[in-house]
Amino acid sequence: MPNPVMRQHGEGSGSSSLLQAPLPTRPAPGASSATNENNDRNIRNAMQEGREISGTLADLLSQSSLADNRESNIHQVLSLAEELRNYQSPVEFTIGLVGDSGVGKSSLINSLLDREGLAKTSGNGRATTSVVTEYRKKRDTDNVDYTVEIERLGNREMDDLLRQSVLDYRRYHLRDQSDAEESESAEVEQLRLKAKLAWDTLTAVFSDRDECTEVRFQNAGIPTEEITRMVLGWKDRIIWPAAFNASTAVLTVDNAPDCADRIEEIMGEWMWPFIKVARIYLDTEVLHNGIVLVDLPGFRDVNSARVRVAEIRLYQCDEIFIVTGIGRAATNQGVEDLVVRQLGKNFNGLKRSQGVAIICTKSEDLGEPSDILRDVQHTNEFNPERMTSLQHQIEEAREEGEPWEDLAAMYEPRTLILWFMLTGDRRKGLFMSARNEHVKRHLQRHYAAQRRIRTISVFCVSNTLYNRATNERIRISESIRNRRRSFNIDDRNSAAEKKLQSSGIPELQNFVKRIPSESQVKETRHFLETRLLTLLEKTNMWLSASVPEMAASQPAAPGFVQELQSDLKTKFDTSVEKSHAELNHAKTQMLQRPLSPTPFRFTTSERSLQLRGGKEYVSKILVSTFRAFWNQDGAHATANKSWTNWNEEIIKAMVDDIQPTEELFRTESEKIFKTLSESTDQGLSALPLRLGEHRGVNNFTDTFPRRQRSLEYEIETVTDWFFDELQTIFHDLLRTHGTSYVMHCMKPIGDRNNPKLFKVIRDLFIAAMSALLDDTKDKFQEAVDKCYADIENDLELVRGEEAPPSNEEVLTGLLFDALDEAQRKREAVLREFEAGLRG
């Protein structure tokens, strides 16, 4: 019988240190597509082989007579084997796509996913443009091509939407038209558009209500609060379709166009304002690595309350794609507005890990030659040998009566040479390439000149060209499959491939696929080094304790093991409590001090409002300016003043005080988490040392290197989550987007019912911090409890079954052989995986 004691596992320091190293969330710009494909293949192969190892053991373990007994030790081993057989990487990276209507955002999504007709391209302002839509990797449980989950807003979110709609509508129709500044056409037009969107929302949902009339909603004699109560009452009497027996409806569809139609159909004419998100699960290559594409509503196209939903989702994304038409990309104020308003100057409104790319669509629309040929002379088509040859072609063209004189009056000779040399697709392809490079350089120089702290990636794409090329390749494949190979099939295939690459979509797809590669590497290494090893070690312990002759030769575990377990549990719990207390102390000492509890109040005069309370927090605002500020959600421009974020102006002094403390708190938190990790590691290390050389627990003590790695991984995961949430809280405190703390206060301040601006902000901030610290403690406690429970389960495995299986010698022998082979294969897979990464 093979030796049941497993060989010493390779615990190379290189792998462990790699797990500790911080990993970037996006790739280096220079990474090649070949390298990306090799890494992707390496990850897929390693995960697949790991799942196969788990499946082989699961099949054998399930043959035991105790496999169905939930009280048996083998059941926990079998459950783990089945879990790893079906293991899917939890890594997800979200890419949020934003852009104005008509720029080709939906077409871009269809191209990236290789699904024509999946994202609706109509700009009707309803479901296709006003609902956050996520495109996700198909799950193992999805048994059709497309599974759709449509989630509606919660009651509070619906209330917020309807309140905002009533407010937006009445803000325009009941505005004070005597104020000269407020009557500026640009501001009034913005208010009008918001009022229209608000009325579209209200009538979409409540058109069947007799009281839902513009006469009633524009009646200044009826208080806004009364109108709002009436609308909320209508909402409470809504009868939802049967598909929404819960907050989410689930659809299953067989093809892309039907998927889009079913989504629009179930939302109907009235439901779309209440839809929070639609999730579409499908099988397509660009999503395989855990990418989630998020189609966000245009920030200038939707109701203010819906903008807030989009803003929250935007900040949660790992990468942001700003989509714009190439014709105006270099000068499009909409792109600039989005960068400044939503992402912040110098991108200071982004998370540290977020990346930004500008996607210029419709690159096939060349426009006027004078606009696109400015950079042609920099292409490879211009070289001395080619120029000499082309001069002769020009002369021949003149002799044959080509309209040389007319062209010569418009373009320089070098451009004309190119014009005559190239025809059809080749010339268009060169012009596209030249114009694309010009736009890329312009945008990159523009944002670099503003000293932004991040590099913007720029891509120029043509969805039209991509669709033509893919359709041509389909036709070529059908011809070959049907044995209708024509004499020029190779030329056609080559032309289609060139057109495909010229579209820019393959380059963008490769960029998308490599975004999560580093995190996928980390997760794959953890799967092979820790999770799969856990299964092998548990199987080994169960076998060693369950074979009668082997179990008899091993003395029982020493009686003081239970005492050691209790000591470890106390050590874990104490470490978590200590870290929680230290975090709260750091919060009190470093974060609350700048936010003085002194009440800050408005004083009013005929023409101005003034904040008072501390000498550093004083801001004087003209009444008319404040009204414009409120009308424009905190930011606007006037004839005499450029675009200004007035929220930022009000809280600037507070921001200046608090920003330095954020970094101090982060540094202190890192120290606390490091101490926690070291403390739990020491507790784990002490247990096998105190067990000593007792033979009854040899297999058990051999598992501790793996336990240390696993707990370290869990603590690191919680730590990453903590800092991500911390960024969100400071973002809500220091920035003035729609969900920020200052925007929570704007309505009370506007009505001047609650003038304690900074106290409200302080209370919201402290409440959010306290909740974060409590949640962090719970997550750390869950991590150490999981480790402790695993130790208890393994000690049960060491003790053996209360009713060991009999007459299973053949199965036992097969399991020993399979376990030995699984260990060899795991080590080989891990070596091959690491070698592939180095390669």
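Two strands count as paired if DSSP finds at least two bridges between them. Keep that in mind for the first stop in this predicted model.

Select the nine strands of the open sheet, ordered 4-3-5-2-6-1-7-8-9. The pairing is mixed. Now look at the edges: strand 4 (248-253) and strand 9 (457-460) each have a single partner strand, so one side of each lacks a neighbour in the sheet. On average, neighbouring strands are turned by 20 degrees against each other, direction ignored.

Pick I359: its bridge partner in strand 9 is F459.

**From F459 to F511.** Stay on F459, which is buried at 6% relative accessibility. The whole structure holds 15 aromatic pairs. One of them is F459 with F511: the ring centres are 4.9 Å apart and the planes stand at 55 degrees, so the pair is tilted. F511 belongs to helix 20 (residues 505-514) and F459 to strand 9, so this pair ties together parts 52 residues apart in sequence. F511 is buried too, with a relative accessible area of 5%.

Select F665, F673, F722, F723 and F780; ring pairs link them into a cluster. Next, show R139, which lies over the face of Y281, 3.5 Å from the ring centre. Then go to R707. Its charged end sits over the ring of F704, at 5.2 Å from the centre.

**Helix 3.** Finish at residues 73-85. This helix has 13 residues and reaches 19 Å from first C-alpha to last, close to the 18 Å expected. Colour its buried residues, among them I74, V77, L78, A81 and L84.

Technical notes
Residues numbered from 1 in each chain as written. Predicted model: local features only at pLDDT ≥ 70, side-chain atom pairs only at ≥ 80, totals over all residues. Heavy atoms only, no water. Helix = DSSP H or I, 4+ residues; strand = E, 2+ residues; numbered from the N terminus. Expected span 1.5 Å × (residues − 1). Buried < 20%, exposed > 50% of the residue type's maximum accessible area, 1.4 Å probe, protein only. Axes fitted to C-alpha atoms, helices over the stretch in contact; angles between N-to-C directions. Phe/Tyr/Trp six-rings, centres within 6.5 Å; stacked < 30°, edge-to-face > 60°. Lys NZ or Arg CZ within 6 Å of the ring centre and 35° of its normal.
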